Amino acid sequence: MMDFASDNVYGVDEKIMEAMARANVGTASSYAGDDITARVEKQFNELFEREVKVFLLTTGTAANSLALSTMVPSYGAVFCHGFAHICADECGAPEFFTGGAKLFGLDGVAGKISPQMVRESLAGFIRAEHDPKPAAISITQSSELGTVYSLDDVRAFGDLAREKNLKLHMDGARFANALVSLGCSPAEMTWQAGVDALSFGATKNGAMSVEGLVFFDQSLAVDFEHRRMRAGQLLSKSRFMAAQMEAYLTDDLWLNNARYANEMAARLAAGLSATEGIRLGVECQANEVFAIMPKDKHDVLAASDAVFHPWLASGSDTDAVGDDEIMIRLVTSFQTRAEDVDAFVKLAG
Ligand SMILES: Cc1ncc(COP(=O)(O)O)c(C=O)c1O
């Protein structure tokens, strides 16, 4: 199965399925009042080495949009990458849930923005109430191009956010992949660096449908229960979401899955970049590979049973893609098989 279309084309980790089956016995309080949810809240405190507020939601889009709704007024501005999921892939959900905030998509290299870019953008906000009010920065870790912000990068955003009185959001749909890539602790990559709220992904890395919205700045969590309910995100049978997250965080399943997915991506990246005519559009730092190749090579791969998507480059964002070339995105997961990676590389050779 050479399916590299996304990490969410794969199924659910067996350990998570088993946990849901275990949760499927007897009755439990509904609407997040169950015992498993309470245990998950403790797990998050331990994971982040401090007290946090965590809410389980069904999608990353909900986590991102509702996180921003707590940080940004309806007349506010959010700075992010132009390719950020919140900007390009959520059908205006962040704008909807904030009541109309404006997203400023910046054009950074390799899927990442820099504090300097935000500063330059802020310098244009000189027209008082004629401009939206700068309110938040959102960074994606790992990014939409599979690159990873270093701890220094995240800290620099934290410093800028404090200086300019902005909130810092991290879209961690692939948080685990970034974390194992950096080899640091969850605390270091988030609140210790100045992150105020985190969308903690689990679905792409083995869960069925659960993400955690984690508030480090607890003032943002005030009345969040109402926001969640109003968004239709409070599940009556909440124990099944909680069971997924509990299993995900138990015995390092989340870290092991991410480590494995990253290894498969590194294997794919090494194989492809050693293949004549193929080069990487950006460095592979997590579980995504962006490969630039001649169109005829692409056509051979596209005609095979391999699954992947062509990817549009923004021009400055990746290595330049020539007129006779195509860039494709390949995503690996906790269930990607090494033999399929090798078969794809062979096919590309
Ligand atoms: C960077 C990023 N953020 C968030 C999401 C969350 O998406 P969903 O709403 O499909 O769970 C995704 C999924 O593709 C993503 O790639």
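Mentor: We will take a few residues in turn, keeping in mind that this is a predicted model.

Trainee: Why is Ala110 called partly exposed?

Mentor: Ala110 has 19 C-beta neighbours inside 10 Å, and since a residue is buried at 20 or more and exposed at 12 or fewer, Ala110 counts as partly exposed because its value lies in between. Its place is in the loop between strand E3 (102-106) and helix H6 (115-122), and its phi is near 55°, a positive value in a residue other than glycine.

Trainee: What makes Asn165 exposed?

Mentor: Within 10 Å of Asn165 there are 9 other C-beta atoms, and because the cut-off for exposed is 12 or fewer, Asn165 is exposed. Asn165 sits in the loop between H7 and strand E5 (167-172), and its phi, near 60°, is likewise positive in a residue that is not glycine.

Trainee: Which residues are joined by a cis peptide bond, and what is omega there?

Mentor: The bond joins Gln141 and Ser142, with omega at about -5°, and Ser142 is found in the loop between strand E4 (133-140) and helix H7 (151-164).

Trainee: How do the residues of the shell around the ligand divide into nonpolar, polar and charged?

Mentor: The shell has one nonpolar, seven polar and two charged residues. Among the residues surrounding the ligand are Ala173, Glu144 and Asp171; Ala counts as nonpolar, whereas Glu and Asp count as charged. Helix H3 (residues 60-71) gives the most to this shell, with three residues.

How values were computed
Residues are numbered from 1 along each chain as its sequence is written. This is a predicted model: local features need pLDDT of at least 70, side-chain atom pairs count only at pLDDT 80 or more; totals for chains, interfaces and linings use all residues. A residue is near a molecule or strand if its C-beta atom, placed from the backbone, lies within 6 Å of it. Helices (H or I, at least four residues) and strands (E, at least two) are DSSP runs, numbered from the N terminus.
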